[in-house]
Amino acid sequence: MKRAVAAAGPLAPAALLTAIAFVLPLAWLLRLSLDRSSGGGMLVDAVTAANYLRFLGDGFYLGVLWRSTWMAALASALTLLLSYPLALFLARTRSRWRGFLAVLTIAPLLVSSVVRTFGWMVILGDQGWVNGLLRLVSLTAAPLRLMNNMLGVLIGLTEVMMPVMTLALIAGFARLDPTLEEAARSLGAPPRKVLLRVTLPLSMPGVLLGSLVTFVLSISSFVTPKLLGGGRVAVLATSIYEEALETLNWPFAAAISVVLVAVFGVALMLYERAMRRWMI
Amino acid sequence: MDDLSTAFRIAVVLLFAFLLAPLVVVLLTSFSNDEFLAFPPHHWGLGGYRALVGNAAFRAGLGTSLVLAATVTAISLVCGAGAAYALARFSFPGSGFLLAIFTAPLLLPAIILGLGLLLVFARLGLLATMPGLVIGHSLVTLPYAIRINLTAIRGIAPALEEAAATLGAGPVRVFFRVTLPLMLPGIVAAAALAFLASFDEVVISLFLVGPRLTTLPIEIFHYIEYRADPQVSALSVALILLTALLVVIVERSLGVLRALAR
């Protein structure tokens, strides 16, 4: 008891901040998701599942949920595909540039997502670099639509997530004993077989963790879908934003948030199940 | 590995190109003198940087963001170091649960944290105010500060503190003369991360800013929704350089601290 009292002093500021900025808002959000909105930002005290029923009964919002899920799944798969060779290279290379290249891989994490997304807007726009290059070599008459659609969002998301995935994969490779691969090679396995039968299965914990983190970050991402989707790609995060700040239907925005957390829960369950299978 | 195949090497080079493409393009286009960004750029020059210096909205946003990030850093360091010290040095019932609650904001999407803050701050009259933004940003920087400081404290041998206590130092003196100096590298790292996280924060800010009080990332966000010009590229380059500078300073000061500790 005495220890708890002694700890209370230094703990108090952090506890107060967490209570005001985290516990209270979340409790409020949960409660509000059961309220009714009379439109125009007016709230009506109620205990009703109307907001959830509206979400589940409306084809548009079910479409948003479905689009968000496959967007995040596809972005995770693409990120994994592109990050795996990068991580394998960084884990195995003996180049003296290794440290520099590792920093280069992680550095984009420190750059604001707005700046990175802006870079993609310059590359993918109708007047952008890709279309400009294609026009220079007169390959296309009309510009390719690389932005303001799902394709642009996926390209941007994949690049934004690559450092995170690469970090998770490198951590996975670090625990992998390279002598196992040497053993497979010395027993006559060709490189492709070593990769598929030894390296890949042993790196599964890193693959699963990286995929979980990428999925969760992608399905809740806002900046990339909003800017590269150009208002034409409605996902859960952009819907929450619009309901909260444009339509001013706060109870419905709160209900969509709860649905998003539920998707998180499902993703986490699938991850734990997959982990158990691979750990045995 | 020296037996990496050529195809694999080419793939790795292409992947690096993809990963760094947006940053490289931003750097190149910041030296364009065109009205709008288009490929290929027609005129080169420093027009983007000149326009940037003259942009009052960006200047005001920068001011807000710098003050905000500095305040958030100070608050999360005081709260974070205190909480980490208490969690590491006093094992009391519920300390594990408390740590989980402190870290929980990192697990939830920023869009949900932002919405929750909007709902509560609307009632408390904290929307579009500096205190509101400070509280909102501290919510995401505090978990980092606690985690990093916790790791730093756990690396300090309790014997050092016990020795000071045996020699007659009171608990407060032990903390300020022994524990705190040994925690310094962790505190420096936590400060840099908190500053960057607050300075770059977008999603939570979107819910908390107003027409009279806007941060720099929000100004950029709304600007690029409608236009892409060299000014934004120039601003992006400035932000990247600022980040790099901060990383170098931390790197250096950690080296100095390590040298001092020797």
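Residues are numbered from 1 along each chain as its sequence is written, and chains are lettered from A, with ligands numbered from 1, in the order in which they are written. Because the model is predicted, local features need pLDDT of at least 70 and side-chain atom pairs count only at pLDDT 80 or more, whereas totals for chains, interfaces and linings use all residues.

**Figure 1. Overall make-up of chain A.** Chain A holds 13 helices and two strands, taken as DSSP runs (H or I of at least four residues for helices, E of at least two for strands) numbered from the N terminus. Its C-alpha trace spans about 75 × 70 × 35 Å along the principal axes. Of the 280 residues in chain A, 42% are buried. A residue is buried if 20 or more other C-beta atoms lie within 10 Å of its own, exposed if 12 or fewer, and partly exposed in between, with C-beta atoms placed from the backbone. Among the contacts in chain A with a separation of 6 or more, 71% join residues 24 or more positions apart; two residues are in contact if their C-beta atoms, placed from the backbone, lie within 7 Å.

**Figure 2. The contact between chain A and chain B.** Chain A supplies 64 residues to this contact and chain B supplies 63 residues. On the side of chain A that touches chain B, helix α1 (residues 2-32) of chain A gives the most, with 19 residues. That side comprises 47 nonpolar, 12 polar and five charged residues. Here Ala, Val, Leu, Ile, Met, Phe, Trp, Tyr, Cys and Pro count as nonpolar, Asp, Glu, Lys and Arg as charged, and the others, Gly among them, as polar.

**Figure 3. The largest nonpolar core.** This core has 147 residues, of which Leu236(A) and Leu115(B) touch the most other members. Helix α3 (residues 59-92) of chain A contributes the largest share, 14 residues. A nonpolar core is a set of buried Ala, Val, Leu, Ile, Met, Phe, Trp, Tyr and Cys residues joined through C-beta atoms within 7 Å. Beyond its neighbours within four places in sequence, Leu115(B) is in contact with Leu29(A), Ile240(A), Ala244(A), Ala253(A), Ala254(A), Ser257(A) and Phe207(B).

**Figure 4. Packing of α12(A) against α5(B).** Helix α12 (residues 236-245) of chain A and helix α5 (residues 110-124) of chain B have axes 10 Å apart and pack at an angle of about 15°. Axes are lines fitted to C-alpha atoms, for helices over the stretch in contact, and angles run from 0 to 180 degrees between N-to-C directions. The two helices α12(A) and α5(B) are therefore roughly parallel, a term for angles under 35 degrees. Ala237(A), Ile240(A), Tyr241(A) and Ala244(A) of α12(A) meet Ile111(B), Leu115(B) and Leu118(B) of α5(B). The residues of this contact are seven nonpolar, no polar and no charged.

**Figure 5. Loop residues Leu248(A), Ala128(B) and Glu35(B)****.** Leu248(A), in the loop between α12 and α13 (250-279) of chain A, has a positive phi near 60°. Leu248(A) is partly exposed, with 15 other C-beta atoms within 10 Å. Ala128(B), in the loop between α5 and α6 (130-154) of chain B, has a positive phi near 55°. Ala128(B) counts as partly exposed, with 15 C-beta neighbours inside 10 Å. Most residues other than glycine have a negative phi. Glu35(B) lies in the loop between α1 (6-29) and α2 (47-54) of chain B and is exposed, with 12 other C-beta atoms within 10 Å. Glu35(B) and Ala228(B) are 193 residues apart in sequence, yet 9.1 Å apart in space, C-alpha to C-alpha.

Note on methods. Parallel < 35°, antiparallel > 145°, perpendicular 65-115°, else oblique.
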